[in-house]
Amino acid sequence: MPSVPTVRQGSSKSKNGLTLRIFGRDITITKSAVGPTDISPLVSDRGWFNIIREPFTGAWQRNQERRSETVIAHSAVYSAVTLIASDVSKMCIRLVEEDDNGIWEEVTVSAFSPVLRKPNRYQNRIKFIEQWIVSKLLHGNAYILKQRDLRGIVTAMYVLDPCRVRPLVAPDGSVYYQLSKDNLSGIEDAITVPAEEIIHDTMVPLYHPLCGVSPLYACGIAAMQGLSIQDNTTRLFQNSAVPSGILTAPDTIDEVTATRLKQHWEANYSGQNYGRVAVLGDGLKYEKMAMTAAESQLIEQLKWTAETVCSCFHVPPYMIGVGAAPKYDNIEALNQQYYSQCLQSLIEQIELCLDEGLGLTDVPGHTYGTEFDLDDLLRMDTATQYKTIGEGIGSGLLAPNEGRKKVGQKPVKGGDTPYLQQQNFSLAALDRRDQSDDPFALSSKRDQNTPSQAQQDAAAAAVDAPPPPAPAKSFDDEIEIAAQHQIANWALQEALADQLTKMAA
């Protein structure tokens, strides 16, 4: 049984178990529940080696097993794998946070953003995701080793060679991973690490939850058949496209004479010597024995092998040059079909693995996540894109600056607010109309002096509203008011005196 070896980066034993220091982080493996010697590996014939399957019993002994490095030489397999890997990796992966309205907005967090921009010291973001996808497609499993700092924050991620990783399961169900030496990833010796230090992304696990099965398991025979057809065709054309045959004689000949005639024919009339004049005596005749390319339907069989590979990888055949492209020119619909049946599952799984592996779901008070920018993949043609954005702005769904951002234009002043035309009515206004006695009656033309309903409502609200509070008065204002009252009092007294004088006269 495998055991936990000593780690060069630092290890110590304590009464609680074995403490490993890996990439600046202490990991303690206790012995209370299960000891390291109790860990057992999974069955090794489920995809942990680069041998896919034997096409027949004894193929391994005859060097005819199907290996991933052999099958990838088939043009359809290579095209499908590289197409999927490049399409996923070219999309920018963003760190997003959910706001109070349930909208995911891109954010920058010092603990998570750097590792998403630069996963490790020798790979950029595109090559990292590309290797992740290639490992998953060819081997059915992708193993990513996490490197942490003293705070426990993931600062680097390394895609490991799946042939150097072996999952281990303890009796209590704990999962460990046995890693072989890998200088590029910083593993100086073979070590065994717990599952929280590995991001394990699997293809469909047909046999075991920890064992993904590569699409090559289903299309390996078709790929090998295509390679065999190409090898046979190569040998055929090396013989100037003349199929192999036999020399026949009218009478019985001994073995020595047959061998001499065979060697003479191959040396003088095959390969580069094809085209020379052959002189046959003693009634010898040459008859072809192998089938020609037309008789074996070579092109049809090669096309079938490529289509079988495409079906296993869920790639539309025309996207790797097999068959003709669809007649219609709706590029967006074709890309949407390709995304839905081939890429969406791979993208969603990577996003979820990164969310859990980087600890984005464990940040209190925040809801973080990773998200691929699908606009980099589902690009529309220019005419359709402008029409779609224009309709979004015209319907009030998008603000003008949001539409400009989608086509790479700078924002303009006043473009941050969605707009609608004036004749659009709110639902409240339509509901008020429907509550009338006859909602469909045409309203009579009202007089110009008759206030509208909105004006009447505003006037009623003004009457019901309390009077506004009097503004605060200054000392100078109070003096002016008192003077005005005194002047008015004097004027009133003069008026009364004049009135009394007239009455006395």
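Start by selecting Arg 94: at 22% relative accessibility it counts as partly exposed (buried means under 20% relative accessible area, exposed over 50%, partly exposed in between, with a 1.4 Å probe and protein chains only). This is a predicted model, where local features need pLDDT of at least 70 and side-chain atom pairs count only at pLDDT 80 or more, while totals for chains, interfaces and linings use all residues. Residues are numbered from 1 along each chain as its sequence is written, and side-chain values use heavy atoms, leaving out hydrogens and water.

Arg 94 sits in strand β7 and Glu 371 in strand β17, so the pair ties together parts 277 residues apart in sequence (strands are DSSP runs of E, at least two residues, numbered from the N terminus).

Next, hop over to Glu 197 and Arg 148, whose side chains form a salt bridge at 3.2 Å, N to O. Glu 197 is in the loop between β13 (191-194) and β14 (198-202) and Arg 148 is in β9 (residues 141-148), so this pair links parts 49 residues apart in sequence. Glu 197 is buried, at 4%, and Arg 148 is buried too, at 12%.

Last stop: Asp 161 and Arg 164, a salt bridge with its closest N and O atoms 3.6 Å apart. Asp 161 is partly exposed at 32%, and Arg 164 is partly exposed at 40%.

Terms used:
Helix = DSSP H or I, 4+ residues; strand = E, 2+ residues; numbered from the N terminus. Salt bridge = Lys/Arg side-chain N within 4 Å of Asp/Glu carboxyl O.
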